[in-house]
Protein chains: 2
Amino acid sequence: MKVLVLGGDGYLGWPTALHFSARGHEVAIFDNLCKRQLEARVGVQPLFPVQLLQQRVKTWVALTRLDIPLFVGDLLNHRAVYHVMESFVPDAIVHYAEQPSAPYSMRGRDEAVFTQHNNVVGTLNLLFAMKRFAPAAHLVKLGTMGEYGTPNIDIEEGFIEIAHKGRSDVLPFPKLPGSFYHLSKVHDSHNIMFSCRVWGLRATDLNQGVVYGIDTDETRRDPRLVTSFHYDELFGTVLNRFCVQAVVGLPLTVYGEGGQTRGFLNLVDTLQCVELSVLNPAAAGEFRVFNQFTETFSVLDLATKVQTAAAAIGLGNVGIQHVKNPRIEAERHYYNPAHTKLAALGLKPHLLSEVLIDDVLRRVKDAKQDILLDTIQPRTPWRRE
Amino acid sequence: MKVLVLGGDGYLGWPTALHFSARGHEVAIFDNLCKRQLEARVGVQPLFPVQLLQQRVKTWVALTRLDIPLFVGDLLNHRAVYHVMESFVPDAIVHYAEQPSAPYSMRGRDEAVFTQHNNVVGTLNLLFAMKRFAPAAHLVKLGTMGEYGTPNIDIEEGFIEIAHKGRSDVLPFPKLPGSFYHLSKVHDSHNIMFSCRVWGLRATDLNQGVVYGIDTDETRRDPRLVTSFHYDELFGTVLNRFCVQAVVGLPLTVYGEGGQTRGFLNLVDTLQCVELSVLNPAAAGEFRVFNQFTETFSVLDLATKVQTAAAAIGLGNVGIQHVKNPRIEAERHYYNPAHTKLAALGLKPHLLSEVLIDDVLRRVKDAKQDILLDTIQPRTPWRRE
C-alpha cells in the first residue's frame, strides 16, 4: 500500500513511517519541519538529539534499501498539499501534522489562534486535496481522548445512541474539550465527518490516549533513528515527564489531587493501532471513530508506579509533589471510555508494567546530563489571572 | 446599557443597532464593511440600494439626535478588536460579524477556508479581547438552527440530559451541521463554551432559524435607513427569495421534494430576541443556548403560502418548480426543536400570516425593475462532481 505520513518528522510520525516501510509498504513523508522552530521559540528541546530528517531517511535507506521520499511542505499551503496528493496518490494518509500541545495552545492569543488556524485550515486543505486528487484514499486522522473531556457517563467510540422523549438516534458523542488544542481536534472531527458525508471520503478518527515510550523495533536498529522525546511542560506527556523527574531526583509533579484519570498507551501500540486502521480501511463515505488506548490510570497512580520502578533500579526514594493544577479540569471524576474496536481488529496491547518503565528510566538515565531542569515545571495557566 | 454591535452593517446588524439606539442604549458598531466586496465578487446585490453606513448613521442622528459611533475594523485584526473593547467597554456585545452564507462556503476551497478562518479566528480574537478588556461583558452570539441538522429526536436548547448505561449527564446537544458555514458556527460554539468555563466569561448562543422580512419600526422611519435585502442563491433566505420569484412571475424553486422543515422568524422578532437576551444576561461563567425561531414550516408549505398571498394581491398564478437539490440534506425528516427559553423571557412572536407576506410582496413589487433574475437559481452544488 502507498502510505503518506503527514507530520512524519515528529514523535509519532517518524516511527510510524519506519513501521510501514519495514512492513513493505511504499511510504512518503510530508512535513513542514516546523517543530524545531516551535521548540526554539519556547526554549525546549527533545532529550535525545534528533538527526535531520533527511539524514534519518539516509540511515534507514542504508540499513534497509527502502527509500522514504520526503515532501517538505506546509498543509497551510494548499498547492503543496495538492502537489503531494497528485504525485504520490496515496492509498492511506496518516495525519499527525498538527500543533500537538494543549499547554502551548493556552499560552495566549497568538498560540491559540496559531493552533486552531494551523490544525483546522491545514486539515481543510487536506480534505479538498483528497476530494480532488485521491477521493478513494483512506484518511487516518490522529485525534485525542481529550476531545471527550470527562462526562459522567460511559464514553463511547465517537457515536452514542440517545433515547429521548420516546424516540432515538445514533449521534456524534458530545464533546467537552479542555483547551484550544483539544478544541481544534473537535473542529477537525466535525469537518472530516461532514466531508465523508457529502463527498464520500473515507476516514478513521483515532481518539488517542496519552502516549509514552521512546523506542520501537525500527528506531532500535540504529541510535541515529531515535525519535523526538519530550519531557517539558509543553510537549512532554506525563509519564515521560515523571521518568525524567525520577532520574534527576526531583519530586514527580502531580497537578492538583492527581485523581485525573486518562487512557494511556505505549508508542509501539500507537503504531499497531494506526497499522490496523490502515489495513482495515473505512468504507467510502464512512467516518468511523476508534478510541485508541490500552489502559486507564489516574495521574497519582502513574506517579506511584514510577516511584516504585525508580526505587527498583536504584534511583532512590523519589517524592511526589502536588502542585497547583495549571489546568481547569475535574480532579475526581467518573471515567469509563469504551475501547473495543481496535481490539476487535486484533490489537495486542503492550501494557504498562514496571519492566517498561525500567526501560524508559534507563534510557533517560544515559542522557541525564542533557536534561533541562527549568523546562519541566508548569508555567502555563488555563485560568484568567 | 452600552451595546456593541459587531457586523452592524449587515441585514440583521444594522436594524439591531437602530433598535437598541431607539430604546435609549448607548450603541456602537464594529464592522469591516466587507459585504460589498463579497457581493461584488459573486455578482449579486441587495434589492434596495443600501446607503453607505456613515450616511445611514447621519440620517439616524438627524432623525433622533442619537449618535452611533462607528469603528471600521476587522475581527481578524486583534489590535482593532482590542482597541474597540478598551475604548468602548461594552456591557453587551451582539456578534453578527461572520460570513453568513452556507452556499458561499460550499463554492470551493477558498470560500470554505475563508468562512472558517474568518468566523472562527475572528471569534477567538473577540474572546481574547473580552478576557483582557471586558471580562464582565455579555456576549450575544448569533448561531444557527442549522448547527443541529435534523436528528431523529427532539432538538433541545443547546444541552440534553443523556441517560446511558445506568448513569446520566447533561451534555452539549450533538451537532450535525450541513455546510462549512454551519460547521464554523459549531466550532464557534465550542470555543465560546470553553472560554466561559475557563475564564468566567458570560455568553448567550442564539441558534437562529431562517429570517425573513424587510422593515422594522426604525428602518421604516426613513427610506434611507433600509437594510440589506438579499434574494440571490447565496445570501438570500428562502422566503425572501420566493417573494421575489412571485413578483417577477417565475416559479418558486423548491429544492428537491421540499419536505425540509426549518424554524423561521420575522426580522422584527430577531431584534426582540436579541434585546431579551441582552436585558437578561447570562451569569458569569455561564454559556447558555436559546433556539431562536417562532414557527416551523416545510419549504413546500412556505411556497404554497407565497403562492396564495401572491394570487390574493393580483400577481396571478405563481407556479412551484421542484429543482434538483444542490444541498445534501434529508428531504423528509422528523423535526421538533424546543424553543421555550426566549418565550419564557417574554418573546411575543410576529407569526407568518398572509398579511405579512403581502407586505414583503408589495415592497418587492415596487423595486421589480432592479431584480437580477440570473442570480436566483442555485449554482453551488454540495456534492463532489
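Predicted model: local features only at pLDDT ≥ 70, side-chain atom pairs only at ≥ 80, totals over all residues.
**Stop 1: the pair B:F264 and B:E295**

B:F264 stands opposite B:E295, which belongs to β13(B). Now extend the selection to strand β11 of chain B, residues 261-266. Four bridges tie β11(B) to β13(B), and the two strands run antiparallel.

**Stop 2: the sheet around that pair**

The three strands make an open sheet in the order β9-β11-β13 (chain B), with mixed pairing. Its edges are β9 (210-212) and β13 (295-298) of chain B, each of which pairs on one side only. Look along the sheet: neighbouring strands are turned by 45° against each other on average, direction ignored.

Next select residues 267-279 of chain B, which form helix α9. This helix lies across β9 and β11 of chain B and runs at about 80° to β11(B).

**Stop 3**

Move to chain A and select β11, residues 261-266. Which residues of chain A pair with A:F264 in the strands on either side? In β9(A), A:V210 stands opposite A:F264. In β13(A), the bridge partner of A:F264 is A:E295.

The strand pairings can be followed from there. Three bridges join β9 (residues 210-212) of chain A to β11(A), and this pair runs parallel. Four bridges join β11(A) to β13 (residues 295-298) of chain A, and this pair runs antiparallel.

Show the side chains of β11(A). In a regular strand the side chains alternate between the two faces of the sheet. Here A:T261, A:G263 and A:L265 point one way, while A:R262, A:F264 and A:N266 point the other way. Are these residues buried or exposed? All are buried, and the strand is accordingly listed as mostly covered, with six of its six residues buried.

**Stop 4: B:L225, in a loop**

Return to chain B and select B:L225, which lies in the loop between β9 and α8 (238-248) of chain B. B:L225 counts as buried because it has 22 C-beta neighbours inside 10 Å, and the cut-off for buried is 20 or more.

For a distance across the chain, draw a line from the C-alpha atom of B:L225 to that of B:D154: the two residues are 71 residues apart along the chain, and the atoms are separated by 40 Å.

**Stop 5: two residues with positive phi**

Select B:R65, in the loop between α3 (53-64) and β3 (70-72) of chain B. B:R65 is not a glycine, yet its phi is positive, at about 65°. With 7 other C-beta atoms within 10 Å, B:R65 is exposed.

Then select B:V89, in the loop between α4 (78-88) and β4 (92-95) of chain B. Phi of B:V89 is also positive, near 45°, in a residue other than glycine. B:V89 has 13 other C-beta atoms within 10 Å and is partly exposed.

**Stop 6: where the chains meet**

Show both chains and select the contact between them, which takes 43 residues from chain A and 43 residues from chain B. On the side of chain A that touches chain B, the elements giving two or more residues are α6 (109-133), β6 (159-164), β7 (167-172) and α7 (180-199) of chain A. Select α6(A) here: it gives the most, with 11 residues. Coloured by type, this side of chain A divides into 22 nonpolar, 11 polar and 10 charged residues.

Chain A can be laid on chain B by a turn of 180° and a shift of 0.0 Å along the axis, with an RMSD of 0.0 Å. That is the relation of a two-fold axis. Because 100% of the interface residues of chain A are also interface residues in chain B, the copies meet through the same surface.

**Stop 7: chain A as a whole**

Buried residues make up 54% of the 385 residues. Of the contacts in chain A with a separation of 6 or more, 84% are between residues 24 or more positions apart.

Methods: Residues numbered from 1 in each chain as written. Chains lettered and ligands numbered in written order. Pairing = 2+ DSSP bridges. Axes fitted to C-alpha atoms, helices over the stretch in contact; angles between N-to-C directions. Contact = placed C-beta atoms within 7 Å. Nonpolar A, V, L, I, M, F, W, Y, C, P; charged D, E, K, R; others polar. Least-squares fit on C-alpha atoms with pLDDT ≥ 70 in both. Buried ≥ 20, exposed ≤ 12 C-beta atoms within 10 Å, placed from the backbone.
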